[in-house]
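Reader: Could you take me through a structure that is new to me, feature by feature, giving the general idea before each case?

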Amino acid sequence: MSEIDQDGITTFTRRPTSADDPGGTFRRITCRCCPNAFEMRARRFMGRVPDLEGEVLPEAKKAGWDVLHGARKAVCPRCLSLQSKAKARKEAKIMVAKMPTPMPRAPQAEPAALKAVPAGKAEAPPAMDIDAAFLIRDKLGEVYLDAQRGYGEGWTDKRVAESLTVPRDWVRQVRCKVYGAGSAGGAEDFAPVLAEARAALAAAKDLTEQGLKVQQEMAVFDRARGEVLAQVGRLERRLADIEKAVG
Ligand SMILES: [Zn+2]
């Protein structure tokens, strides 16, 4: 079986597999976002080079594909619906964020059942659906090297989440499932460590400065003590002289 790729459209032949499937020459395009493919039987043509996009793209479109940007950037119906769902979710979230905060009511008018939940618990991440899980897994397959090396250059959980318009926590969940709980999620995973290190360094610097100050104060104190001791010595000698003279 030979395959020829042209402008993102693969032409291949398949032998008959059954009475229902007589085999023949087919064209195929593949989804930009996942391994899904659209296949159709090639039209017969005489002599001239066929217009492959003109042949395949309208059929793919009928089958629900987005072919607006050509065969290489075609998106399958599954990814399309996933993207529109994600977009709707995002817009719904923005709508919620934009909603004006209601005026606080008098405490006695507020029924106990309507008490606000603490801000941190208010927005639990939505549960992941299986399509999104596959989409994330496929994307990780492209940009995640392995559990030891983590992400390829420039990629993080955050960036994957943004590129697929899914919650970042979903990406983390899938990555932990596929590459292990210890796998690195990218630079942002180190943020707490960096913050702690920065705080420790600042504290160390502060201590050093305080230590220097103490040292300087000690030097001043030593000098003063020396002067006082010298004065005491002089006074003792003078006192002894006076005692001798009076005595
Ligand atoms: Zn797809």
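Reader: Which geometry does the site of the zinc ion have?

Author: Four donors count as tetrahedral if all angles lie between 85 and 135 degrees, and donors are N, O and S atoms within 2.8 Å of the metal (3.2 Å for Na, K and Ca), with water not among the atoms, so sites may look incomplete. Here the angles among the 4 donor atoms are 106 to 114 degrees, and the site is tetrahedral. This is a predicted model, in which local features need pLDDT of at least 70, side-chain atom pairs count only at pLDDT 80 or more, and totals for chains, interfaces and linings use all residues. Residues are numbered from 1 along each chain as its sequence is written, and side-chain values use heavy atoms, leaving out hydrogens and water.

Reader: Which residues coordinate the zinc ion, and how are they spaced in sequence?

Author: The SG atoms of Cys-31, Cys-34, Cys-76 and Cys-79 do so, at 2.2 to 2.3 Å, and the spacing of these donor residues reads C-x2-C-x41-C-x2-C.

Reader: Is Cys-31 buried or exposed?

Author: Buried means under 20% relative accessible area, exposed over 50%, and partly exposed in between (1.4 Å probe, protein chains only). Cys-31 counts as buried because its relative accessibility is 7%, and Cys-34, at 6%, is buried too.

Reader: In which sense do β2 and β3 pair?

Author: Strands are DSSP runs (E, at least two residues), numbered from the N terminus, and two of them pair if DSSP finds at least two bridges between them. Strand β3 (residues 24-30) pairs with β2 in the antiparallel sense over 5 bridges, with Arg-14 opposite Gly-24.

How values were computed:
Helix = DSSP H or I, 4+ residues; strand = E, 2+ residues; numbered from the N terminus. Tetrahedral: all angles 85-135°; square planar, octahedral: opposite > 155°, others 65-115°.
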